[in-house]
Amino acid sequence: MSRIGYKTVVVPAGVEVKRDGNEVTVKGPKGSLTRTFAADITMKISDGAVDFDRPSNDNKMRALHGTQRANFNNMVEGVVSGFAKTLKLVGVGYRVQLKGKDLILSVGYSNPVHMDVPEDLEVKVPDNTTINIAGISKQEVGDFAAEVRAVRSPEPYKGKGIRYENEYVRIREGKTGK
């Protein structure tokens, strides 16, 4: 049984937590995040700490309890230090460019794939086979990284495609000749 929901979230100095009904806003040195939480889970804000409690022990409440605590913790961590993901392009001729707010992927299709970078994310291309995505929202960073990866996900025979930096792609054996 998970007990994540009962862990206290420590709010570091310089981070401000405001609650307006079900809307919770967290402001920190890197920016501000707002999220709507379920009304069933009670949230107790004291100086430097936030605790969550559930009204009953049914499955929905237990799942919601841990999820809301984890989402709030990610908000606090995001406004303090932020989140980042790195993607690698593996394949002959695969490359990426960044022109303004436009990410251009050349990954084996007849035309390059153009992707608009969301406003609140910071995307860097240190070399033509690496993409660094950073931001304060863990969800937005992960969603955009998944969108980029989905353009050409790694295939199992040669391992070519776009993958996360430390992702392991299991290579399958091809056809055997007789």
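Author: A salt bridge is a side-chain nitrogen of Lys or Arg within 4 Å of a carboxyl oxygen of Asp or Glu. Keep that rule in mind for this predicted model.

Reader: How far apart are the closest N and O atoms of Glu16 and Lys18?
Author: Glu16 forms a salt bridge with Lys18. The rule asks for a nitrogen within 4 Å of a carboxyl oxygen. For this pair, the closest N and O atoms lie at 3.5 Å.

Reader: Is Lys18 buried, partly exposed or exposed?
Author: Buried means under 20% relative accessible area, and exposed means over 50%. Lys18 has a relative accessible area of 45%.

Reader: How many salt bridges does the rule give?
Author: One joins Glu16 and Lys18. Another joins Lys124 and Glu122. Glu167 and Arg149 also meet in one. By the rule, the count is 3.

Reader: Which residue forms a salt bridge with Lys124, and at what N to O distance?
Author: Lys124 is partly exposed, with a relative accessible area of 49%. The partner is Glu122, and the closest N and O atoms are apart by 3.2 Å.

Reader: How many residues apart are Glu167 and Arg149?
Author: The side chains of Glu167 and Arg149 meet in a salt bridge, at 2.6 Å from N to O. The pair links distant parts of the chain. Glu167 lies in the segment after β13 (161-164), while Arg149 lies in helix α2 (residues 138-151). The separation is 18 residues.

Reader: Which residues gather in the patch of negative charge on the surface?
Author: Asp120 is one of them, and it sits in the loop between β10 (113-116) and β11 (122-124). Patch residues need over 30% relative accessible area. Asp120 has 45% relative accessibility, so it counts as partly exposed. The patch gathers Glu119, Asp120, Glu140, Asp143 and Glu147.

Reader: Is Gln68 buried or exposed?
Author: Gln68 is in helix α1 (residues 59-80). Leaving out residues up to four places away in sequence, Gln68 touches Phe37, Ala38, Ile41 and Phe52. The limit for buried is under 20% relative accessible area. At 5% relative accessibility, Gln68 counts as buried.

Reader: Which residues is Gln97 in contact with, leaving aside its neighbours within four places in sequence?
Author: Gln97 has its place in strand β8 (residues 95-99). Its relative accessible area is 39%, so Gln97 is partly exposed. Contact means heavy atoms within 4.5 Å. With those neighbours set aside, Gln97 is in contact with Asp102, Leu103 and Ile104.

Reader: Is Val10 buried or exposed?
Author: Val10 belongs to strand β1 (residues 9-10). Setting aside neighbours within four places in sequence, Val10 is in contact with Gly48 and Val76. Exposed means over 50% relative accessible area. Val10 has 61%, so it is exposed.

Reader: How far apart in space are Val10 and Asn132, C-alpha to C-alpha?
Author: In sequence, Val10 and Asn132 are 122 residues apart. In space, the C-alpha to C-alpha distance is 29 Å.

How values were computed
Residues are numbered from 1 along each chain as its sequence is written. This is a predicted model: local features need pLDDT of at least 70, side-chain atom pairs count only at pLDDT 80 or more; totals for chains, interfaces and linings use all residues. Side-chain values use heavy atoms; hydrogens and water are left out. Patches are made of residues with over 30% relative accessible area and no salt bridge: like charges are joined within 9 Å, nonpolar side chains (Val, Leu, Ile, Met, Phe, Trp, Tyr) within 5 Å. Accessible areas come from the Shrake-Rupley method with a 1.4 Å probe; for residues, only the protein chains shown count as cover. Lys and Arg count as positive and Asp and Glu as negative; His and the chain ends are not counted. The place of a charge is taken as NZ of Lys, CZ of Arg, CG of Asp or CD of Glu. Helices (H or I, at least four residues) and strands (E, at least two) are DSSP runs, numbered from the N terminus. Buried means under 20% relative accessible area, exposed over 50%, partly exposed in between (1.4 Å probe, protein chains only).
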